[in-house]
Amino acid sequence: MDESQTLAEVIGTHKTESLLELPQAGSFVVALQVARTETQQLPNGKQIQRLGCTFIDLSASTQMAIQHYISRLERQQIAKQRGHG
């Protein structure tokens with residue numbers, strides 16, 4: 001999310017050496033390609049820009065770390081939905 005709307009990215013733009021910070025999983029330097037952009041209006045009237053990106057050439061270890069992070073979030077969400085979190 002780009003809350004300040006300072007990124008004027010177009011679809012297809014490459015971002016090399018982007019820092020991806022995942023709480024409790026670490027930080028990773030990754031290359032990204034902008035796949036979609038969209039402006040959304042929040043309930044308070046503020047507009048934000050959302051960028052959807054794809055990873056480019058992830059190392060196997062970074063890919064595994066991201067997959068584990070996503071799996072952990074999914075397990076937490078399921079537990080919360082079942083009333084265990």
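Tyrosine 69 touches Leu22, Pro23 and Ala25, leaving aside residues up to four places away in sequence. Contact here means heavy atoms within 4.5 Å. This is a predicted model: local features need pLDDT of at least 70, side-chain atom pairs count only at pLDDT 80 or more, and totals for chains, interfaces and linings use all residues. Residues are numbered from 1 along each chain as its sequence is written, and side-chain values use heavy atoms, with hydrogens and water left out.

Tyr69 also belongs to the largest nonpolar core. Its 6 residues are Leu22, Phe28, Val30, Leu32, Ile66 and Tyr69. Strand 2 gives the largest share, 3 residues. A nonpolar core is a set of buried Ala, Val, Leu, Ile, Met, Phe, Trp, Tyr and Cys residues joined through side-chain atoms within 4.5 Å. Helices (H or I, at least four residues) and strands (E, at least two) are DSSP runs, numbered from the N terminus. In soluble globular proteins, nonpolar side chains tend to be buried together.

## The largest pocket

The largest pocket has a volume of about 230 Å³. A pocket is an open set of points on a 1 Å grid over the protein atoms alone, where a 1.4 Å probe fits, with protein on both sides within 12 Å along at least five of seven lines; lining residues have an atom within 4 Å of a point. The volume is the space filled by probe spheres set on the points.

Ser18, Leu19, Leu20, Glu21, Val30, Leu32, Cys53, Thr54 and Phe55 line this pocket. Strand 1 (14-22), strand 2 (26-41) and strand 3 (47-56) each give two or more residues to the lining. Strand 1 provides the largest share, 4 residues. By class, the lining has 6 nonpolar, 2 polar and 1 charged residues.

## Serine 18

Serine 18 sits in strand 1. Its relative accessible area is 16%, so serine 18 is buried (under 20%; exposed is over 50%, partly exposed in between, with a 1.4 Å probe and protein chains only). Beyond four places in sequence, serine 18 touches Phe28, Val29, Val30 and Leu32.

## Arginine 36

Arginine 36 lies in strand 2. It is partly exposed because its relative accessibility is 42%. Its side chain makes a polar contact with the side chain of glutamate 38 (3.1 Å). A polar contact is a pair of N or O atoms within 3.5 Å; within protein, one must be able to donate a hydrogen and the other to accept it, and residues adjacent in sequence count only if both atoms are side-chain atoms.

Notes. Nonpolar A, V, L, I, M, F, W, Y, C, P; charged D, E, K, R; others polar.
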